Amino acid sequence: MEKLLDVRDLRTYFYTYRGVVKALNGVYLTIKDGEVVGLVGETGSGKSVTARSIMRLIDPPGRIVGGNVFFEGRDLLKLSDGEMMKIRGRKISMIFQEPVIALNPVLTIRTQIIETIMANRDVSVNEAEEIALELLEAVGLPNPKMIMKRYPFELSGGMAQRVFIAMAISANPRLLIADEPTSSLDVTIQAQILDLLNRLMEEGRISSMLYITHDLGVAAELCHRIAVMYGGRVIEFASTEEIFKEPLHPYTRSLLKAIPRLGYYDELYTIPGRVPDLVNPPSGCMFHPRCPYMKDVCKKEIPEYVEIDNSHYVACHFAGVKDVR
Amino acid sequence: MNIAAYIIRRIIFMLFVLLGVLIITFIVSHVIPADPIGAILGPQAPPELIEKINREWGFDKPLYVQFILYVKNLMHGNLGKCIRTNNPVLKDIIIRYPATIELATTALIFSLIIGIPSGIISALKRNKLIDHFIRIFSISGLSMPVFWLGLMLLYVFYFRLGILPGPGRLDLGLTPPPRVTGLYTIDSLIAGRLDLFINTLRHLIMPGFVLGFGAAGSIARLTRASMLEVMRQEYVKAARAKGLIERVVIMRHILRNALITPVTVIGLIYGGLLEGSVLTETIFAWPGLGRYATGVFLFLDFQAVMGVTLFIAIIYSFANLIVDIIYAYIDPRIRYG
Amino acid sequence: MKILDKWLMEHKYKIQDVKLMMNMIRESFLAKLGLTIITMFILTAIFAPFIATQDPLMQDLTNRFQPPSLEHPFGTDHLGRDIFSRVVYGSRISLMMGITVTLILFTIGTTLGLIAGFFGGAVDEIIMRITDIIMAFPSLILAIAVAAALGPSLLNTMIAIAIVGWPRYARLARANCMQVKNELYIEAARAIGVSNLRLIFSHIFPMIISPLIVQATINLGGVILLAAGLGFLGLGAQPPTPEWGLMVSEGRRFISRQWWISGFPGLAILLVALGFNLLGDALRDILDVRMRR
């Protein structure tokens, strides 16, 4: 399979009054055509910033300071604003964590969905209206005509997310970036939205997807491969199977232990320590203050991101060394 | 809640505030001055006159009786008599308020025309040179002594360059159009006198600009802040992510939401303009309420003081009420919420 | 050394805040501009006798209406007084009025606001309704009415402005007080029997002082402007006091030719108000950022 998306050494900084927040410190990530990749990490690890950097939606004081984002062979970071606009919505689209606030509060659903369709497809208003109704039906919303007349605040979170998904897939994009699309929703609704995404993939309405979540369990259900982020880097990237069977990075292993399992309510494992401060990050490997296997070298040198096994990438000084565990 | 109930609730609240205003004005004009009659009539007033006025106005009665008397008269539309002009206060006000309304409205138009685009540009070009420039301009608006600005503009544009007319609503020697609304701009058009219309419009430029300058600054700041707030919102990012062109993102998604805040304060700003007319009218010899107010205040002409203050407070409150209704119309969350 | 270390540890966050604030002022062009203007204004007020070239009250009828020149940088007025010297001395009056009024406003407003916020109930209701009414009032008109009722003088101008201005502080103090009062450490202090008065002034007040100071900075410009306006209307300082608003008013009669008589005092009002507004604006931005952090 060819690489649809190839992110290399992506760096995004935020220039705040507190200092420079190095939100992304060299992210590597690939997505093949037709593949679902999970991007997993704690809050503040840089998942959302990665998504927004790929879409080039970083607002000041943030800035993408380096790296490449190859999409279909072209570097998105080198496109003009006008060219990038044509990528968004048509080739890559995005759904958001809080669908209700991602919809404009003073415009009806009809306005918002039709403007999206017309921005990305060469159709008349009437055709757009028909497409809109069809899409709303496809995302499982009953009575699309009613929904069209509503304002966002009149929708539940789950309904709003369905509307948003309908807009995101309206131009049959090649890549859908889903930025924690279920974390603001109730558990039952979460499952429904995941089902919906699965169904839309089967129907071919979604081809490839970057699915961002802090929940390794959700990622496991949905994704072919999983990238684990920590401190603004991808620190491990492998097939879902390998991540679960043979995790190489100590952080990934801690994350796996933290997944609540059915029947294990007594003791939930939490990772000791705190997410690194990205203004004054720890020296060397950013995980070293929390790492149970920390050695001197971890404090001094930043581990490189390397391919250990076949397509199993990891950034840890001791990833190849089995006995350290 | 439906819109009618909302309006009724607002009107009830307004009545409470007006009652408060009445009480405070009453205290200021009747309690604080040691010798109100003396202040009006001067120290040499004959005792019989003082006696007569005392009886006429009920000053010999306890304060609360005076207050109740005043409110009673008010209910009958009797605001008392202005001692300086010897007219009923209500008549004085009615003669003068159209001039002030005309001036304040001109100022509001100026301030919106200058303020809103400045605020928008400032936000879109945040931290660029033009943003700094506009911010200094808008803060100058808040820091501007209007009486000084008026004098300086008069000096430059009237006395030196002679391109704008001097004080007053019309050139000296011109007769005002027959009164219909009291607004010279509209009355002159009704009378079919284009020359008067243009003349009075030219007279409005300088005082309107002077009065509107500060408000323009406030509006620019508010618009800028509101724009920046909206630009941070998730739905703006989402609009870009959907592939909308930048112009649509700005016009449909940012502006429409960002302009809600400036619209809501137009009422407050209009009230501020009515109030600011006190100084501007003094400079430009504008025969409106502001100049009348200064006169009656300085002479402690309490019936007139209370009448004018109440009148301004009523307009002020109404302006706010109207804006709240507009607000409810623009923002669907209010309408249904 | 130990005491110092302990103090530094205890006040770590406060110190960080102050550092952050200094950083932001240094980085903001507008804040620096405002600070420069204010500094020059204060220095002028302090060193007025050394800066002024003449006695501000000295009349010289042979030298009336002199345009700005090397000898009289701002020209002379209708009584031949040196306007530059009058403007320099006027800074003292402006500064004194600004600071006094702001202190009064701050004290009255904050005290009432804290009381309202802390005790709630009927006290709160009464204080807040009074602020509602005063704020529904056009402030300039109320100030004019009060100043006129009290009779024209500098002191009465200040009283009038104070009466009009305190509700803003009261509301700000009340809102912040209500937020702070339910924090755990206040509950704790209450639990160990700290008296209400002590609780309000030594526990709550220090926590809410920053927004009030910002409010005061912004307000200083407004106070100076309002005072000048009342002076212009003849309700404040009386001649021959070199008060800026009064000076603009005196020059009004001669505006067709001698623009400088009104021109320079008014420019001084504009600059000083601008200085406080610029700094206040920047401080508010900083406060916003800090709140959001």
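**Chain C, then A, then B**

Start with chain C: among its contacts between residues at least 6 apart in sequence, 69% join residues at least 24 apart. Two residues are in contact here if their C-beta atoms, placed from the backbone, lie within 7 Å.

Some housekeeping. This is a predicted model, where local features need pLDDT of at least 70, side-chain atom pairs count only at pLDDT 80 or more, and totals for chains, interfaces and linings use all residues. Residues are numbered from 1 along each chain as its sequence is written, while chains are lettered from A and ligands numbered from 1 in the order in which they are written.

Back to chain C. Its secondary structure comes to 13 helices and 0 strands. Helices (H or I, at least four residues) and strands (E, at least two) are DSSP runs, numbered from the N terminus. Chain C has 293 residues, and 47% of them count as buried. Buried is 20 or more other C-beta atoms within 10 Å of the residue's own, exposed is 12 or fewer, and partly exposed is in between, with C-beta atoms placed from the backbone.

One residue as an example: where does C:Ser85 sit? C:Ser85 is in helix α5 of chain C, residues 83-119. C:Ser85 counts as buried because 24 other C-beta atoms lie within 10 Å. Leaving aside neighbours within four places in sequence, C:Ser85 is in contact with C:Ala52, C:Thr53, C:Gln54, C:Asp55 and C:Pro56. As for C:Ala273, 188 residues away along the chain, its C-alpha atom is separated from that of C:Ser85 by 20 Å.

Now chain A. Chain A has 12 helices and 12 strands. On overall dimensions, the C-alpha trace spans about 65 × 50 × 45 Å along its principal axes. In chain A, 44% of the 325 residues are buried. Of the chain A contacts between residues at least 6 apart in sequence, 65% join residues at least 24 apart.

On to the strands of chain A. There is an open sheet of 4 strands in the order β2-β1-β4-β5, with antiparallel pairing. Its edge strands are β2 (19-32) and β5 (74-75), each pairing on one side only. Pairing requires that DSSP finds at least two bridges between two strands. Strand β1, residues 3-16, pairs with β2(A) in the antiparallel sense over 11 bridges. Within β2(A), A:Leu24 is the bridge partner of A:Thr12.

Strand β6 of chain A, residues 92-95, pairs with β7, residues 175-179, in the parallel sense over 4 bridges. There, A:Ile92 has A:Leu175 in β7(A) as its bridge partner. Both faces of β6(A) are covered: A:Ile92 and A:Met94 are buried on one side, A:Ser93 and A:Ile95 on the other. In a regular strand the side chains alternate between the two faces of the sheet.

Next, chain B. The mean pLDDT of chain B is 84, and 90% of its residues reach 70 or more; pLDDT is the predictor's confidence in each residue, from 0 to 100. Confidence in chain B is lowest in helix α15, residues 332-336, at a mean of 55, and highest in α7(B), at 94. Helix α13(B) is mostly covered, with 8 of its 10 residues buried, including B:Arg291, B:Tyr292 and B:Phe297. Just after α13(B), B:Leu300 takes a positive phi of about 55°.

Last, contacts between chains. How many residues of chain B are in contact with chain C? The count is 41 residues of chain B, against 36 residues of chain C. Elements giving two or more residues to the chain B side include α1 (3-31), α13 (289-298) and α14 (302-330) of chain B. By class, that side has 29 nonpolar, 10 polar and 2 charged residues. Ala, Val, Leu, Ile, Met, Phe, Trp, Tyr, Cys and Pro count as nonpolar, Asp, Glu, Lys and Arg as charged, and the others, Gly among them, as polar.

From the chain C side, C:Ile144 touches B:Val278, B:Phe297, C:Leu230, C:Leu233 and C:Leu235, not counting residues up to four places away in sequence.
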